[in-house]
Amino acid sequence: MRTLIGFFSTITLVVALLSVENLFTQSWQTLNANTLSWRFEDMHFVEPDMGWVVDGGGQILKTTNGGQSWTQQYYNSNQYFRSVEFFNDQIGFAGTLSSGGPNAQLLRTINGGENWEDITGNFPVNIRGICGIAMPDENSIFITGVFYGFAYIMKSLDQGETWTYTDMSSLANGLVDIYFKDADNGWAVGQSAQGTGLKAIILGTTDGGDTWTQLATSAHSNQRAWKIQQLNDTVFYASIEEFEPSPQYFKSIDGGQTWQLETIITPNTSGTMQGIGFLNETIGWVGGFGDLFYQTLDGGQTWEYQPTIGSSFNRFQRVNDTLMYTSGTNVYRYADTSLSIDDFEVVKPKGHTIQLENGNPVSGNTIVELNLANYTFAELSVYNIHGQRVQNITEGMRHAGKHRIAWDASILSSGPYFLTLYTYYGYQSVKVLVQ
């Protein structure tokens, strides 16, 4: 018995040493993808070197060499692409948010992105946005949205020719991401229904989306579960978009049946978390607005703040045991450091802005001026210093341009607050003093 124990101890030590050595040969690299918006909203790689990214500027880019170069396959400045999913190197879909019009569009390619066809006319109803896409097999496709409301799931079993629509408002206020490991078993994440605290929520189905069950909710209100990842047969993760001092995420160790909340304890939190990705059960990352980016090397027990990797992270995708991509203001690759990427500089357009017309501090009635770069959902709220929303001033779709919004601050106690605008471009906050 001692011999066997010694043998397995030696194997464990060797594996540990190999893992440590691997850490020193892998790093994050910035790829030279040029976004026409504030960030790349989504991406999907079907092979280690072949993938697509989409942005709010209306373009679809493809790489066949691991991000060293990119080809623009599609461009329409009136479309805000939110999601992209490919089943293989030929069949793929890209979805938009409503931008320049009231409804979203879904594009399909069957030749690797050389041609894209708008198949929105096949929908049984109009939708506001397509935030998530899942393809468990060549013919089945699920889409969902929208992050700010109008929760739905649509399903097609014939590559998007015909669709079945499911109103999800009884379970969710809005949905953000969807994942199916096969044609029957799937998960959707987003925000719980009106009247339930608008908490981050995970829903599950075992019958191909015909029925859905609530599997988990967060502890805090006014949050959204944002992205979901299956690491292996038993371990799943789901990020929580939140305006909180200590970010949290969901983890499952029983194949997505039950979930527990994990907290990232760090004094360096800045921005709002959205993306999550684990390379294995030891190494993982979370990222979000601004320079929020954390790495764990011990399975989430401790996290290291790494603000120099990039910014505004959204989707993480694990391609294999040693390769991870993530999208943000650029596309980033975690792999062997031998990949050579030329230096470049990209000038990004300004996003949406917020300011107080009558100055700061405020008392009673005042005017908030919004300057919107495009047609977008706009939610203007007030948060206290603990990250809790205490007042919702306005929300809804708004056209590009300047908007003057009346704000009655008299209902708030005196003290510091954050006046926060949430749009397609993320969060912008102004610290205000209410007198």
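L433 is found in strand β35, residues 426-434; strands here are DSSP runs of E of at least two residues, helices are runs of H or I of at least four, and both are numbered from the N terminus. Before I continue, two remarks on the basis of this talk. The model is a predicted one, in which local features need pLDDT of at least 70 and side-chain atom pairs count only at pLDDT 80 or more, while totals for chains, interfaces and linings use all residues. Residues are numbered from 1 along each chain as its sequence is written, and side-chain values use heavy atoms, with hydrogens and water left out.

Let me return to L433. With a relative accessible area of 40%, L433 is partly exposed; buried means under 20%, exposed over 50%, and partly exposed in between, with a 1.4 Å probe and protein chains only. Which residues does L433 touch, leaving aside its neighbours within four places in sequence? They are N360, P361, V362, G415 and P416, where contact means heavy atoms within 4.5 Å. L433 and V362 are 71 residues apart in sequence, yet their C-alpha atoms lie 6.2 Å apart.

Two of those partners, N360 and P361, are joined by a cis peptide bond, with omega near 15°. P361 belongs to the loop between β29 (353-356) and β30 (365-372). The peptide bond from G145 to V146 is also cis, with omega near -10°, and V146 lies in the loop between β11 (141-145) and β12 (152-156).

That loop between β11 and β12 also holds F150. The phi of F150 is near 60°, a positive value in a residue other than glycine. F150 is partly exposed, at 47% relative accessible area. R128 lies over the face of F150, at 4.1 Å from the ring centre; the criterion is NZ of Lys or CZ of Arg within 6 Å of the ring centre and within 35 degrees of the ring normal. Q159, in the loop between β12 and β13 (164-167), likewise has a phi near 60°. Is Q159 buried or exposed? Q159 is buried, with a relative accessible area of 15%.

For the chain as a whole, the secondary structure comes to one helix and 35 strands. Of the 435 residues, 55% are buried. Among contacts with a separation of 6 or more, 50% are between residues 24 or more positions apart.

I turn now to the aromatic residues. The whole structure contains 33 aromatic pairs: rings of Phe, Tyr and Trp (its six-membered ring) pair if their centres lie within 6.5 Å, and planes under 30 degrees apart count as stacked, over 60 as edge-to-face and the rest as tilted. Why is the pair of Y179 and W187 stacked? The ring centres of Y179 and W187 are 6.2 Å apart and the planes meet at 20°, so the pair is stacked. Y179 is partly exposed at 27% relative accessibility, whereas W187 is buried at 6%. F236 and W259 form an edge-to-face pair, with 6.0 Å between centres and 75° between planes. F236 lies in strand β19 (236-241) and W259 in the loop between β20 (248-252) and β21 (260-263), so the pair ties together parts that are 23 residues apart in sequence. F236 is buried at 0% relative accessible area, and W259 is buried at 11%. One aromatic cluster is formed by W28, W285, F293, F313, F316, Y332 and Y334.

On a 1 Å grid over the protein atoms alone, a cavity is a set of points where a 1.4 Å probe fits but cannot get out, a pocket is an open set with protein on both sides within 12 Å along at least five of seven lines, and lining residues have an atom within 4 Å of a point. Grid points are joined across faces, edges and corners, and a volume is the space filled by probe spheres set on the points. The largest pocket has a volume of about 700 Å³. Its lining comprises 28 residues, with H44, E85, Y179, Q317 and R318 nearest the centre. Strands that each supply at least two residues of this lining include β2 (40-45), β14 (172-180) and β26 (316-320). By class, the pocket lining has 18 nonpolar, four polar and six charged residues; Ala, Val, Leu, Ile, Met, Phe, Trp, Tyr, Cys and Pro count as nonpolar, Asp, Glu, Lys and Arg as charged, and the others, Gly among them, as polar.

Finally, the largest cavity holds about 40 Å³ of space. Among the residues lining this cavity are W38, R39, R82, F147 and W226.
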